[in-house]
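Please open the model in your viewer and keep the sequence panel beside it. The tour moves from a single side chain to a helix and then to the cores.

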Amino acid sequence: MAEEAILGFLQNNEEISDSGEFAVEQNLNHDEVKNVIKSLQGFLYIEAKELKRETLVLTDEGKKYAAEGSPEFHFFSAVPEEGSISKDDLEKKLETSVFKIGSTQAAKKKWVAMGKQVSRKVQHVEDKVKESLLQIQQGLELDQESLNSLKTRKLIASQGWTGYSDVKKGPNYAPKRKIFATDLTRENLQNWKELEFKEYNFNAKGQPLDAGHLHPILKVRKQFKDIFCQMGFEEMPTNNFVESSFWNFDALFQPQQHPARDSHDTFFLKAPSTTRELPEDYVERVKQVHESGGYGSRGYNYEWKREEANKNLLRTHTTAVSSRMLYALAKGPFTPKKYYSIDRVFRNEAVDRTHLAEFHQIEGLICDRGLTLGDLIGVLQEFFRRLGMSQLRFKPAYNPYTEPSMEIFSYHEGLKKWVEIGNSGMFRPEMLQPMGLPEDVRVIAWGLSLERPTMILYGIDNIRDLFGHKVDLDLIKRNPICRIGIESA
């Protein structure tokens, strides 16, 4: 209907000067008129210029004042012509909002004398606020002072308006739009001489495909996996998020009074609250080394409790998996192994820009005879060199299950300072010997988070923008390929 009106009007007239006025005259919806003009312009049936202007509309409060009158006028009308009325009585006669706004505006305009008693200063007033609002509703112009006053009181608001002006005939103008055939159907091919086919636009982009996208964490994890595989490591099974306190803490020679085992740091399960199966002979050896020591150690000299070891929890580190793997390795003839894992761990931490209650831990370990701290440093240098980090420093540290222990630092060229990137150490004899591993077997290990390098690589400064329910899906769809700087061997 709008298309017929526009093309028909231009057949007998030179132009449509304003699409808004045209829509009102023709009793058409202006949005429909705009859409038709845009379509006809695309096919060169018409030519048009975009038109933008600001219009004033009444707010909900402004509409109320236009219909009922302003609060100051109601306030003035409630004051008797002769004498005065107490402020309390006047407040009872009017609505709260009318009294509050009306008293302020009426006093400001010097219509009334305010005090404990309220009286008129003038006998007659005009409700110019209502008059001005009605004029705006009718599309009439107001002086700038009146407009500023209404805007200050938030009775009117500016609203953007778009349309078209100078709508004229185009090079392909016709009183009626031609209908082009758009599909190569059997009927269209049989009557192709009588039809006009729509031209193909070979420059048009196709519809975006709905497909799955890899999360940045998955891309970075794949790079780390590739590096471990290049170095001959074997992946450990990490599919158990729930672990017993025994494998998570006790088997690692971590005392039962350690702060990390408190509910403030660890998520304990309510059901099932305890584990049912533990290797009893191994449990007894772990108990003994905790209580009275062994293998060159004095132990912790406390009463080790089985009920503490039986508690189920969400694993706080993937080292719990490492302890299981080393125990399984000790059951048979010893074979040197290189293990790695990358999976989720859970800690009862306050959530902020750099911490979550769940995150991913990267862990690597090598089990062989006669390993030393020098071997650990050499492996770390090779591992991080493949990540593009060739400047490393090591700082002595403390871990319950490694001795010696080292924090790993790398020089960050962007920040121009040394940044901690991981932790490392050699598993203690108190952890390895009760498992049944030979005395000359040593295990070197290191770990770091997956989220921190991912945030650095993708320029993300808040971990909640990377992992969790607040992640922007556009980030997942548009993030680039992960390129970790692997130097040539």
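A residue is called buried when its relative accessible area is under 20%, and exposed when that area is over 50%. The model shown here is predicted.

Select Q105 to begin, a residue that is found in helix α7, which covers residues 96–108. Because its relative accessible area is 15%, Q105 counts as buried.

Next, move to helix α16, residues 373–386, whose 14 residues reach 20 Å from the first C-alpha to the last, close to the 20 Å expected at 1.5 Å a residue. At the N-terminal end, T372 caps the helix, with a side-chain oxygen 3.3 Å from the backbone nitrogen of G374; just after the helix, G388 takes a positive phi of about 90°. Now colour the buried residues of α16, which are L376, V379, L380, F383, F384, R385 and R386, and display the elements against which they pack, namely α11, β10, β11, β12, β13 and β14.

Finally, select F224, F383, F384 and W446, which touch the most other members of the largest nonpolar core, a set of 34 residues. Two or more residues of this core come from each of α11, β9, β10, α16, β12, β13, β14 and α18. Another core, of 31 residues, lies apart from it and includes V283, Y302, V441 and V443.

Key:
Residues numbered from 1 in each chain as written. Predicted model: local features only at pLDDT ≥ 70, side-chain atom pairs only at ≥ 80, totals over all residues. Heavy atoms only, no water. Helix = DSSP H or I, 4+ residues; strand = E, 2+ residues; numbered from the N terminus. Expected span 1.5 Å × (residues − 1). Buried < 20%, exposed > 50% of the residue type's maximum accessible area, 1.4 Å probe, protein only. Contact = heavy atoms within 4.5 Å. Polar contact = N/O pair within 3.5 Å; in protein donor to acceptor, adjacent residues only side chain to side chain. Core = buried A, V, L, I, M, F, W, Y, C linked by side-chain atoms within 4.5 Å.
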